[in-house]
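Hi everyone, thanks for coming. I'd like to walk you through a few spots in one structure, so please have a look at it on the screen.

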Amino acid sequence: MKKNHTLFHIVLTTIAAIFVGATMGNAQVKTGEKAPNFTLKDTAGQSHSLSDFAGKTVILEWTNAECPFVKKFYDNGDMQKMQAQMTNDGAVWLQIVSSAEGKQGFVTPEQGQKLRADKDMKSTAMLLDPTGKVGKMYAAKTTPHMYVINDEGVLVYQGAIDDKASANAADVAGANNYVLAAYEAVTEGKEVADATTKPYGCGVKY
């Protein structure tokens, strides 16, 4: 009986550990709450903290230049147009690379600088997160995975860039762009209609 009781206890403990691990693995920032602060260096070696941009709308874009879902938006300049539109309005657009060294999408600072120039990227900065600390903090699952933070530091949108979950560039034109809609709602002082959506793309290569 004692042996069975011990076995039962071990099974319960194991299940609890798995549940806690799964819960922690799925932990994420919540839409409608304050976006957690972070600090990362960009491809030029300059440090940026989210708190540096208090009072501004901030767009976070998890990216991986080798991912076909990312290429969908960059090859025809669609992502660059969005970046230019929002940064010209005074918003801050931060690309974040959370690919670990040796994994698809990892870039050194020099490679990141060249990539930004080659693709004519219009983001404020490309931030490097090779340890995945910030990616996991925000539970970034895919590239792209998008977040919009308003001028009060509240996360008002997270999820997919649009509603066409494909890697086909031809689908961009007819898609409902969630990020653009969220940005326009923020600038107009309105509530974001689709505040949380399911992201799609390549898995972040932690």
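This is a predicted model: local features need pLDDT of at least 70, side-chain atom pairs count only at pLDDT 80 or more; totals for chains, interfaces and linings use all residues.

To get your bearings, Asn150 is in the loop between strand S7 (145–149) and strand S8 (155–159). Is Asn150 buried or exposed? Its relative accessibility is 14%, and the cut-off for buried is under 20%, so Asn150 counts as buried.

Now look at who else is around. If we leave aside neighbours within four places in sequence, Asn150 is in contact with Lys56, Thr57, Val156 and Val186. Take Lys56: Asn150 and Lys56 are 94 residues apart in sequence, yet their C-alpha atoms are 6.7 Å apart in space.

Let's move to another loop residue, Ser99. You'll find Ser99 between strand S4 (92–97) and helix H4 (109–118). Ser99 has a relative accessible area of 4%, under the 20% cut-off, so Ser99 is buried too. A polar atom of the Ser99 side chain lies 2.8 Å from the backbone oxygen of Gln104. Skipping the neighbours within four places in sequence again, the contacts of Ser99 include Asn64, Phe106, Pro130 and Lys205.

Next up, cysteines. A quick reminder: a disulfide is a covalent bond between the sulfur atoms of two cysteines. How many disulfides does a search of the whole structure find? One. Cys67 and Cys202 form it, with their sulfur atoms 2.2 Å apart. The torsion about that S-S bond is about 90°, so the disulfide is right-handed. Cys67 sits in the loop between strand S3 (58–62) and helix H2 (68–74), while Cys202 is in strand S9 (residues 202–203), so the pair ties together parts that are 135 residues apart in sequence. And both Cys67 and Cys202 are buried.

Last stop: a pair of helices. The axes of helix H3 (residues 78–88) and helix H6 (residues 178–187) come within 12 Å and cross at roughly 10°. Angles under 35 degrees count as roughly parallel, so that's the description for H3 and H6. On the H3 side, the contact is made by Met82, Gln85 and Met86, and on the H6 side by Val179, Leu180 and Tyr183. What kinds of residues are these? Five are nonpolar, one is polar and none is charged.

That's my tour. Over to you!

Technical notes: Residues are numbered from 1 along each chain as its sequence is written. Side-chain values use heavy atoms; hydrogens and water are left out. Helices (H or I, at least four residues) and strands (E, at least two) are DSSP runs, numbered from the N terminus. Buried means under 20% relative accessible area, exposed over 50%, partly exposed in between (1.4 Å probe, protein chains only). A polar contact is a pair of N or O atoms within 3.5 Å; within protein, one must be able to donate a hydrogen and the other to accept it, and residues adjacent in sequence count only if both atoms are side-chain atoms. Contact means heavy atoms within 4.5 Å. A disulfide is a pair of cysteine sulfur atoms within 2.5 Å. Axes are lines fitted to C-alpha atoms, for helices over the stretch in contact, and angles run from 0 to 180 degrees between N-to-C directions. Angles under 35 degrees count as roughly parallel, over 145 as roughly antiparallel, 65 to 115 as roughly perpendicular and the rest as oblique. Ala, Val, Leu, Ile, Met, Phe, Trp, Tyr, Cys and Pro count as nonpolar, Asp, Glu, Lys and Arg as charged, and the others, Gly among them, as polar.
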